[in-house]
Amino acid sequence: IMKNTTILSAILLMTSIVFVSCQGSPAREEKLPIMSWYSIPAEDATLERYQELADCGFNINFSHLGSLEDLRTSLDLAQQVGVKVMATCRELETSPDSVVALVKDHPALYGYFLRDEPACPSFPYLAEWARKIEYADGGEHPLYLNLLPNFVDTAVLTCNYREYVRRFIAEVKLPMVSFDYYPVTFGGISSDNWYDNMQVIHDESEAAGLPFWAFALSTAHDPYPLPTMASLRLELYTALAYGAQGLQYFTYWNPGTEVWNFHEAPINQNKERSEAYYLVQQMNRELQARAFVFVGSKVVSISHVGKTIFRGCKAMEELPAHVISLETGDDGAVVSLLEKDGWYYLVLVSRTLERPTDLKVAFDTRVHMIGPDGKAVRLPKGENALSIGEGDVAIFRYRK
């Protein structure tokens, strides 16, 4: 499986803002939307299962539910554990007006799901359906669907990939862009296609003034291995470096089909917690500790350093603001400069799962490094020699 102001406010509905002190500087602590794709099925919908989901660090639940009754049960359970719901059921398509009327005021409703991985010929129908839901909802909640990745044949898309994304934005007119691409396979990282896909999504969503969401793979299936902390970090921090404003995991619950050999999802084929559950839980804690860096940030620049510059990527031709030297060796890194509230955040993401990335970096201003717990640590003046773990990230904060 390959997997307005009012509307924009709804997209960041999960965001709660408090002011805290971080090494003497005010910083906003905010929440990233993190969604569990293919989540708790209707037959297993209990308060205990929903609490388990919340304990894993998810704040949006997306269960593939069949009926309106199942959806209402999901909303009620999610509300009790402080989780929102991306709504779907058969009746949402056949009777959107009546379904929306029944759920739109539920406190646990996040938004509405339309369809997974559509091709261009279905865009007119999806646009018509979306307008019906938006009208019934009054524009209070976002609509969502997930696009195909760029390695899908153009015969299926009916155009090239950039045109596919551009047409979706222009024709379906949803308030966010989402796509799936799982770059870590048994053969390694599919760097040429994946970074290019990420760049296209960034470019087209930014041009349209829309946020984008991206995925990490949490369930092994052909030809994808079991997740590791390194693979989860690589996928999620790369997406955030490119400007993602929402994150998703495929999947939370083990799909009940044998076609793709799904196994060891966070909630596995035996409906038990697998090792992946605890990896995802740890990852989500880390992400939320650093959420203030990424939520609402603007991408100033994205480039790559290293021996190989992959297709669709821009080699770093000039150093980011306030950086006077930066070296990573042959493995290289994604180099993203983010801007927010008078701060720059320099985000460097490893491009390898095989070994740590050696980093030498120097700045011409006072700099703090943001750790996985969200705390800022002052760096000494001059060049700093550091190591970025496999697939991991280094984040530096300094005034503009």
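User: In this predicted model, which side chains meet Glu-171 and Arg-167 in a salt bridge, and how should I read such a contact?

Analyst: The general idea is to look for a side-chain nitrogen of Lys or Arg within 4 Å of a carboxyl oxygen of Asp or Glu. Here the side chains of Glu-171 and Arg-167 meet each other in a salt bridge, with 2.7 Å from N to O. The two residues lie four apart in helix α8, which covers residues 161–172, so they are separated by about one helical turn.

User: Which parts of the chain does the salt bridge between Glu-52 and Arg-273 link?

Analyst: In the pair formed by Glu-52 and Arg-273, the closest N and O atoms are 2.7 Å apart. This pair links distant parts of the chain, with Glu-52 in helix α2 (residues 47–55) and Arg-273 in the loop between β12 (246–250) and α11 (275–289), 221 residues apart. Glu-52 counts as buried because its relative accessibility is 10%, under the 20% cut-off, whereas Arg-273, at 38%, counts as partly exposed.

User: What is the distance between the closest N and O atoms of Arg-355 and Glu-354, and how accessible is Glu-354?

Analyst: Arg-355 forms a salt bridge with Glu-354, and their closest N and O atoms are 3.0 Å apart. Glu-354 is exposed, with a relative accessible area of 63%, while Arg-355 counts as partly exposed at 37% relative accessibility. Elsewhere, salt bridges that share partners join Arg-162, Arg-166, Asp-203 and Glu-204 into one network.

User: How many salt bridges does the count come to?

Analyst: By the distance rule given above, the count comes to 18 salt bridges.

User: How should I read the length of helix α9, and what follows this helix?

Analyst: The general idea is to compare the span between the end C-alpha atoms with the span expected at 1.5 Å a residue. Helix α9, made up of the 18 residues 191–208, reaches 26 Å from its first C-alpha to its last, which is close to the expected 26 Å. After α9 comes Gly-209, whose phi is positive, near 70°.

User: Which residues of α9 are buried?

Analyst: The buried residues of α9 include Trp-194, Tyr-195, Met-198, Val-200 and Ile-201, and among them are also Asp-196, His-202 and Glu-204.

Methods: Residues are numbered from 1 along each chain as its sequence is written. This is a predicted model: local features need pLDDT of at least 70, side-chain atom pairs count only at pLDDT 80 or more; totals for chains, interfaces and linings use all residues. Side-chain values use heavy atoms; hydrogens and water are left out. The expected span of a helix is 1.5 Å times one less than its number of residues. Buried means under 20% relative accessible area, exposed over 50%, partly exposed in between (1.4 Å probe, protein chains only).
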